[in-house]
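Subject: A structure for you to explore

Hi there,

Here is the structure I promised to pass on. Please open it and keep it beside you while you read my notes.

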Amino acid sequence: MKKKEKIVCIVPVYNEEDTIEETIQFLKKIKEVDELVIVNDGSTDNTIDVLNKIDGILTLSYEKNKGKGYAIKYALSNINYDYLLLIDGDLRETSSEALKLIKPVIEGKSDITIAKFPEAKTMTDKKGGLGLVKSLAKQGVKYFTGKEIDSTLSGQRFYTKEVLEKIKYIPDSYGIEIAMTIQSLNMGFKILEIPVIMSHRYTDRSIKGFIHRGKQFKDILKTLMIMKFKGYGR
C-alpha cells in the first residue's frame, strides 16, 4: 500500500492575538491538512497564551522577533512533510479558502500555487501604500525571470517538497516570497495563481503603517540586490 503523502501547514505569527485562533479553527476544517504548525515569531502581545489554549496544533516559539522567513525556516527544520502550505495568521475565517491551493498541485497540474486575492475596487481600498511595494516585487520578478506574477507578495502558497529542497536562498525578512518565486521560476517549476476570496489585516495610513510598508519595501529591495549579487537571474 502506498504511503499517504503528508501535507503540513506552517503559519508564522507575530502579535496576532486577535486573529490567530479564528485562523486556526478554519484551517482545521481543511481535512487534507495533516498537521498545523504555528511559529510564534517573538510576539510581544498575548499570542503565545492564545496558542497554548488551542488543541491539535504544534506550536514552535522563540523570544526575539526574527522575521517571517526565519520563522518558516525554523519550522521546516522541525517537521517532516511531502507538501507544504504557507498561510498568514491574520486571515481569520477566510483561511479556509486555502483548500483551493492544494488540489492543482496534488493533481500534478502545478508545482506551486499562490493565492490571488480579489482586486481592490477603489483607490480607498488600497491602503497603506501597498501599490509601491507590490510594483517593486512584480518588476523584480520580471527582471530576474522575464515572467510576470501578479501575486508575488502573497504569503498564501502551496509547494511540493521537491521545490523547497531545491530553493537555496530564503531570506529572514519580508523578501521571502519574492526570493522563492524567482528561484522557482528560474528552475523551471510551474506556478499557478489561484483566485481566492481571502482577506487579511491591511496596514493603514498611520505613521506606524507607513513605517511597516517602508520596512517591507526595504527588505524586498535588499533581497533583490542580494539575488543580483549572488547571480540568481536568468
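This is a predicted model: local features need pLDDT of at least 70, side-chain atom pairs count only at pLDDT 80 or more; totals for chains, interfaces and linings use all residues.

Residues are numbered from 1 along each chain as its sequence is written, and side-chain values use heavy atoms, with hydrogens and water left out.

Let's start with helix H3, residues 68-76. (Helices are DSSP runs of H or I with at least four residues, strands are runs of E with at least two, and both are numbered from the N terminus.) Its buried residues are Lys-68, Gly-69, Ala-71, Ile-72, Ala-75 and Leu-76. They span an arc of only 160 degrees around the axis, which puts them on the same side of H3; the arc is taken from the directions from the helix axis to the C-beta atoms. "Buried" means under 20% relative accessible area, "exposed" over 50%, and "partly exposed" in between (1.4 Å probe, protein chains only).

What covers those residues? Strands E1, E2, E3 and E4 and helix H7 are among the elements that do. In H7 itself, 10 of the 11 residues are buried, so this helix is largely enclosed by the rest of the structure. After H7 comes Gly-188, with a positive phi near 90 degrees.

Next, find Ser-154 in the loop between helix H5 and strand E6. Ser-154 is buried, at 10% relative accessible area, and its side chain reaches the backbone oxygen of Ala-115 at 2.9 Å. Beyond its neighbours within four places in sequence, Ser-154 is in contact (heavy atoms within 4.5 Å) with Ile-114, Ala-115, Phe-117 and Glu-177.

Finally, the charged pairs. Side chains of opposite charge can pair when their charged atoms come close. There are 14 salt bridges in the structure, each a side-chain nitrogen of Lys or Arg within 4 Å of a carboxyl oxygen of Asp or Glu. One of them joins Lys-215 to Asp-219, with the closest N and O atoms 3.1 Å apart. Both residues sit in helix H8, four residues apart, or about one turn. Lys-215 is partly exposed at 44%, whereas Asp-219 is buried at 11%. Also look for Lys-68, Asp-88 and Glu-177, which are linked in a network of salt bridges.

Enjoy exploring!

Best wishes

Technical notes: A polar contact is a pair of N or O atoms within 3.5 Å; within protein, one must be able to donate a hydrogen and the other to accept it, and residues adjacent in sequence count only if both atoms are side-chain atoms.
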